[in-house]
Amino acid sequence: MKNSLIWCSFMVLFPGFSQTDTSKVSETFSTINIINGHSAETLKKRQWRYIIAHRFGDIAGAAGGVQTAFGFDNASDIRFGFDFGITDNIMVGISRLKGAGTPYRSIIEGFTKYRFLSQSKDNKMPISAAIVGTVYGTYMPASSDALSVASFPEFVHRFNYATQLSITRKFHPRLSVALMPTYVHRNLVNENDQNGLFSIGGAANIKVTKSIGLIAEYFHNINTSELREDFFNSLSFGLEWITNGHNFTLNFTNARGFGELQYIALNTGDWLEGQFRFGFSITRTFKY
Amino acid sequence: MKIKLTFLLFSIGILYWMMSTSAGSIRPMSNPLTTETALEEALVGLGVQPVIHYMDKFDPELADVGEKLIKEGEANYKDFKGKRISSYFVCTDCHNLVPETNSLTNTSSEDRLDYAIKNGIPFLQGSTLHGLYNRTSFYNGDYYKKYGDLVIGARDTLENAIQLCAEYCASGRPLVDWELDAMMNYFKREELKLTDLSLNEDEINLITNAHNQSNKIKDAAVSTLKDSYKVAFSAHFPGSLAEDKRGYGLKGDAAKGKEIYESSCMYCHGNARVTYLNLDNDVLSASFLWNNKEGYDDKSIYQVIRWGTSPIVGRKQYMPLYTSEKLSDGQLEDLMAYIKLLAKKK
């Protein structure tokens with residue numbers, strides 16, 4: 001909660017400025033999210049979008065294969081969300097996540113995002129940068145297992161937070177990259193876990209055509225305790241297809257759940273064990 | 001007898017006062033003309049019937065509100081809290097507010113482009129709103145093909161033309177009374193002055209001294225004034241160029257095409273400012289346009305320039321078309337020549 005409040009304050013103190021002039025580099029990434037992480041893109045003022053995203057079950061490994069139609073029988077996580085542009089540089093979003101169930105289900109995710117740097121065409125500003133503050137709250141029933149973090153001894157234990165800095169640069173019309181230092185804070189963790197986790201993410205988008213791009217994204221947790229050996233860094237590959245208003249992303253990732261809380265702090269999928277999955281997201285942008 | 005004469009004179013006086021102050025009446029000039037005199041005032045003073053939307057009162061505060069409505073799409077006025085007219089467009093997305101050529105009678109699209117580049121203004125589909133108050137006809141020519149009977153009431157009445165634009169062209173809503181008043185006051189404030197017309201010294205002398213001259217001289221002054229600006233803009237929808245007549249970049253001047261791309265296409269599509277389709281001055285955007293150049297789909301430049309796109313339920317954002325007066329077939333080929341160059345096609 002504390003982190004979120006800090007970032008909310010930050011955003012109020014540094015209001016956005018007009019972003020629609022053509023001296024700024026546009027579409028460094030095609031949409032708000034890359035695959036898991038945030039790009040530095042924001043919705044414009046008076047735009048809103050809905051997002052439907054889905055992660056299926058493991059393609060291979062013990063839980064995958066032919067018996068589960070390579071994961072299509074299962075849904076490891078589902079997101080329905082709405083995002084709103086407040087100014088051309090400030091946006092907010094709220095989503096409902098099914099939750100991957102390890103340990104959380106029924107998660108409400110709310111975030112605010114502020115783009116404070118925009119790459120300029122004359123290269124005087126070489127990068128774009130945005131800061132994202134996210135809060136996750138679960139309304140799942142408390143577990144009767146007192147050793148589970150989902151037992152929620154106190155109400156505040158239902159909340160977790162993430163702060164992500166997204167630094168992006170479009171090197172060429174066909175190539176954009178992103179660097180995403182991220183901090184995730186959980187209010188209640190197991191005794192062999194840690195509350196605060198740092199992760200550094202990287203992503204690249206190679207545009208094949210104006211409408212189609214290939215994406216790779218990786219998050220590396222950098223202060224992971226040896227006690228967190230059951231958790232894995234997320235690695236994802238995707239293909240995006242942009243239409244006039246719609247954006248489709250097809251991806252393969254070992255992250256079972258959406259949101260920094262799940263794909264950074266709680267990711268138990270191991271590529272080498274076949275625990276990667278197919279997923280997609282569909283967004284549609286409107287004006288209000 | 002004396003009382004009757006006084007009564008008669010009083011009645012004549014009242015009658016004269018009523019005639020001279022009623023809207024739409026023909027008023028004699030109270031002051032000599034100067035170059036700062038409003039064009040409409042000058043014409044009325046020379047005995048010309050005023051425009052239907054003639055306003056004899058002007059409210060500068062409302063004019064400011066009107067300017068905000070035109071530029072930003074919403075405004076408040078006194079106790080009235082305004083709502084956005086359109087979620088998709090503001091007037092200035094399609095219309096400039098300043099002159100678009102050196103002469104108010106010049107409607108050449110080539111000269112419009114040169115003037116736009118020289119003066120740093122966009123090169124747009126719609127006619128400039130500069131001098132709109134002085135026009136007498138709107139939605140002319142082929143706009144009937146697009147809007148059908150909707151143009152009938154809008155062709156001769158500026159207020160109706162504004163409402164048609166707000167509700168249909170901008171995919172918005174009709175203006176409420178004070179908003180319409182505000183826009184009208186803005187257009188009144190921005191009406192043409194004699195100084196806006198390209199008049200030579202002799203013509204100025206003729207016009208400024210005509211008010212107390214013979215009808216013949218007055219007629220000459222009126223004629224000079226009417227030849228100095230446009231009361232209506234023609235509009236022709238030529239349709240898509242047939243595929244066998246398209247130059248596909250071979251016929252045009254890429255340098256001119258670059259000017260069109262940057263001052264027209266990029267004005268709305270740059271950084272997806274007005275539309276969802278983002279275009280940039282790069283090989284990817286150009287390749288997208290080049291690869292779709294054939295056929296009659298709205299992804300083809302040849303099609304979309306001449307037909308625009310259509311607003312549909314749930315998706316009212318659309319692209320207005322370019323009439324042949326606003327962008328010539330030659331300029332369309334110039335644009336395609338630049339797209340070919342930018343896409344690095346041989």
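**Where two domains meet**

Mentor: Between domain 1 of chain B and domain 2 of chain B there are two salt bridges, a term that requires a side-chain nitrogen of Lys or Arg within 4 Å of a carboxyl oxygen of Asp or Glu. The model is predicted, with local features needing pLDDT of at least 70 and side-chain atom pairs pLDDT 80 or more, while totals for chains, interfaces and linings use all residues. Residues are numbered from 1 along each chain as its sequence is written, chains are lettered from A and ligands numbered from 1 in the order written, and side-chain values use heavy atoms without hydrogens or water.

The two pieces you asked about are domain 1, covering residues 34–235 of chain B, and domain 2, covering 243–342, with bounds from an automatic or database domain assignment. Taken over C-alpha atoms, the centres of domain 1 and domain 2 of chain B are 28 Å apart. To the contact between them, domain 1 of chain B contributes 29 residues and domain 2 of chain B contributes 23 residues, where contact means heavy atoms within 4.5 Å.

About 2300 Å² is buried between domain 1 and domain 2 of chain B, and 55% of that area lies on carbon and sulfur atoms; buried area is the accessible area (1.4 Å probe) that two parts lose on being put together, summed over both.

One salt bridge to find here is that of Asp114(B) with Lys256(B), whose side chains meet at 2.7 Å, N to O. As for the elements on the side of domain 1 of chain B that touches domain 2 of chain B, those giving two or more residues are helix H4 (109–119), helix H5 (143–147) and helix H6 (158–169) of chain B, where helices (H or I, at least four residues) and strands (E, at least two) are DSSP runs numbered from the N terminus. Among these elements, H4(B) gives the most to that side, with six residues.

Chain A brings 25 residues to it and chain B brings 22 residues. The two chains bury about 2000 Å² between them, of which 47% is on carbon and sulfur atoms. Within chain A, the residues that lose the most area to chain B are Lys210(A), Asn244(A) and Lys287(A), and together they account for 33% of what that side buries.

Between chain A and chain B the count is one salt bridge, and you can find Lys121(A) joined in a salt bridge to Asp280(B), with the closest N and O atoms 2.8 Å apart. Turning to the elements of chain A, strand S12 (residues 277–287) gives the most to the side that touches chain B, with four residues.

Chain A also lets you follow strands that pair (DSSP finds at least two bridges between them). Strand S7 (residues 175–186) and strand S8 (residues 196–207) of chain A are antiparallel partners over eleven bridges, and within this pairing Leu179(A) has Gly202(A) of S8(A) as its bridge partner. S8(A) also runs antiparallel to strand S9 (residues 212–221) of chain A, joined to it by nine bridges, and here Ala203(A) stands opposite Glu217(A) of S9(A). The link from S8(A) to S9(A) is a hairpin of four residues.

A further set begins with strand S3 (residues 90–97) and strand S4 (residues 107–117) of chain A, which pair in the antiparallel sense over eight bridges; Ile107(A) in S4(A) is the bridge partner of Leu97(A). S4(A) is in turn joined by ten bridges to strand S5 (residues 128–138) of chain A, again antiparallel, and Tyr114(A) stands opposite Ile131(A) in S5(A).

Finally, look at the loop between S3 and S4 of chain A, where Pro103(A) is placed. The peptide bond that leads from Thr102(A) to Pro103(A) is cis, with omega near 5°. Ser106(A) is found in the loop between S3 and S4 of chain A, and although Ser106(A) is not a glycine, its phi is positive, at about 50°. For comparison, most residues other than glycine have a negative phi, and most peptide bonds are trans.
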